Amino acid sequence: MSVIFTADDFGITPEQSRRILECSSMAPGGKGLLSSVSVLATSPRFEECAPLLDACSDELRISVHLNFVEGPCAANPEDLPLLVDEKGFFKLGYGGLLAASVGPRSAELERELTLEAKAQAARIVARFPRAARHLRLDGHQHTQLIPAVFRAMLATAADPAYSLEYLRIPVEPAGPALAAGVAASVKPVNWVKHALLGTLWSRDRRMLEASGLGPYEDRSAVFSGVLFSGQMDKARVSAVLPGLAEEAQRRGMGLELLFHPGRVDAPEHCLNPSLPGFVEFSCGEGRDIEHEALRSAELAAAFGALRDEHGAVA
């Protein structure tokens with residue numbers, strides 16, 4: 001069974017990106033379980049951060065972290081009037097994307113999202129050619145399950161220039177948290193996210209099955225990282241890991257655990273300093289907690305137990 005320890009948001013700043021790679025034994029001088037990074041092609045400092053990945057083992061997975069809610073776009077802003085403002089910065093946010101996705105201009109929104117998604121994927125592949133042969137797609141703030149965004153992601157995945165390897169479906173089983181006795185520590189807002197993502201996926205799954213890209217079980221993994229978003233500490237993750245592994249084993253799938261271990265050192269270095277919620281999350285102490293978890297002996301021991309019981313590999 002494959003277990004993927006993923007870090008989102010690689011590429012905001014070089015310092016923040018180095019902080020992420022400190023959590024991976026696949027990076028020079030790194031220590032920890034991190035085995036995958038999701039890269040923000042839209043970051044103004046993407047080209048500064050990319051060489052850090054050149055020095056890492058090719059075993060470190062690289063994913064395209066599709067972003068439609070924060071900072072500048074990758075495509076021509078003039079082609080994206082619904083998505084970006086006059087500065088070329090994304091303007092809708094999660095709620096705006098969701099509302100527009102079911103509104104009267106949903107077809108136009110989908111066209112713009114597809115242009116932008118393809119531009120972001122192309123930027124990653126141009127810099128890291130191996131990503132074309134192992135295309136991995138996920139979404140910033142889990143926007144990929146919004147219907148119009150999901151269709152744009154599927155259109156990008158179907159590009160004949162790529163060989164799709166993985167789509168992140170951020171629908172998390174709650175059973176392991178309940179069984180481990182840590183469900184009470186889940187923030188109420190994360191339960192709301194959990195319910196919304198599950199509802200969206202019930203519709204998206206039919207789109208994936210009709211796309212010809214293959215069944216969900218072959219393209220994704222059991223996922224964890226929404227319920228404890230910002231709280232993926234070593235104790236909670238170690239507690240739920242056995243139950244998550246059992247669920248993955250039952251479904252015949254791998255397992256992905258999502259962390260955000262790269263803290264941005266100052267608000268002005270965020271993708272869009274004018275968005276308080278994003279700034280708080282990017283600069284928050286939760287990122288240091290998740291950084292510690294990935295490097296901890298406690299989580300390494302919990303993963304070692306999975307390796308012994310299930311033959312798990314990172």
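**Helix packing and the sheet**

Modeller: Helix 6 and helix 8 cross in a right-handed sense; a crossing is right-handed if the near helix is turned clockwise from the far one by less than a right angle, and left-handed if anticlockwise. Helices (H or I, at least four residues) and strands (E, at least two) are DSSP runs, numbered from the N terminus. This is a predicted model, with pLDDT of at least 70 needed for local features and 80 or more for side-chain atom pairs, while totals for chains, interfaces and linings use all residues. Residues are numbered from 1 along each chain as its sequence is written, and side-chain values use heavy atoms, with hydrogens and water left out.

Colleague: At what angle do helix 6 and helix 8 cross?

Modeller: Roughly 25°, and the axes of helix 6 (residues 147-157) and helix 8 (residues 188-211) come within 10 Å. Axes are lines fitted to C-alpha atoms, for helices over the stretch in contact, and angles run from 0 to 180 degrees between N-to-C directions. Helix 6 and helix 8 are therefore roughly parallel; angles under 35 degrees count as that, over 145 as roughly antiparallel, 65 to 115 as roughly perpendicular and the rest as oblique.

Colleague: Which residues of helix 6 meet helix 8?

Modeller: Pro147, Phe150, Arg151 and Leu154 do, against Leu200, Trp201, Arg203, Asp204, Met207, Leu208 and Ser211 of helix 8. By class, the residues of that contact are seven nonpolar, one polar and three charged. Ala, Val, Leu, Ile, Met, Phe, Trp, Tyr, Cys and Pro count as nonpolar, Asp, Glu, Lys and Arg as charged, and the others, Gly among them, as polar.

Colleague: How many residues of helix 6 are buried?

Modeller: Nine of the 11, so helix 6 is largely enclosed by the rest of the structure. Buried means under 20% relative accessible area, exposed over 50%, and partly exposed in between (1.4 Å probe, protein chains only).

Colleague: What covers the buried residues of helix 6?

Modeller: The cover includes strand 3 (61-66), helix 3 (93-101), helix 4 (106-127), strand 4, strand 5 and helix 8.

Colleague: On to the sheet. What is the strand order?

Modeller: 5-4-3-2-1-7-6, in an open sheet of seven strands with parallel pairing. Two strands pair if DSSP finds at least two bridges between them. Strand 5 (164-167) and strand 6 (221-224) are the edges, each pairing on one side only. On average, neighbouring strands are turned by 30° against each other, direction ignored.

Colleague: How many bridges are there between strand 4 and strand 5?

Modeller: Three, in the parallel sense, with strand 4 covering residues 135-139. Arg136 stands opposite Tyr166 of strand 5.

Colleague: Back to helices. How far apart are the axes of helix 10 and helix 13?

Modeller: 9 Å, at an angle of about 20°, for helix 10 (residues 234-251) and helix 13 (residues 297-310). That makes the two helices roughly parallel.

Notes:
Contact = heavy atoms within 4.5 Å.
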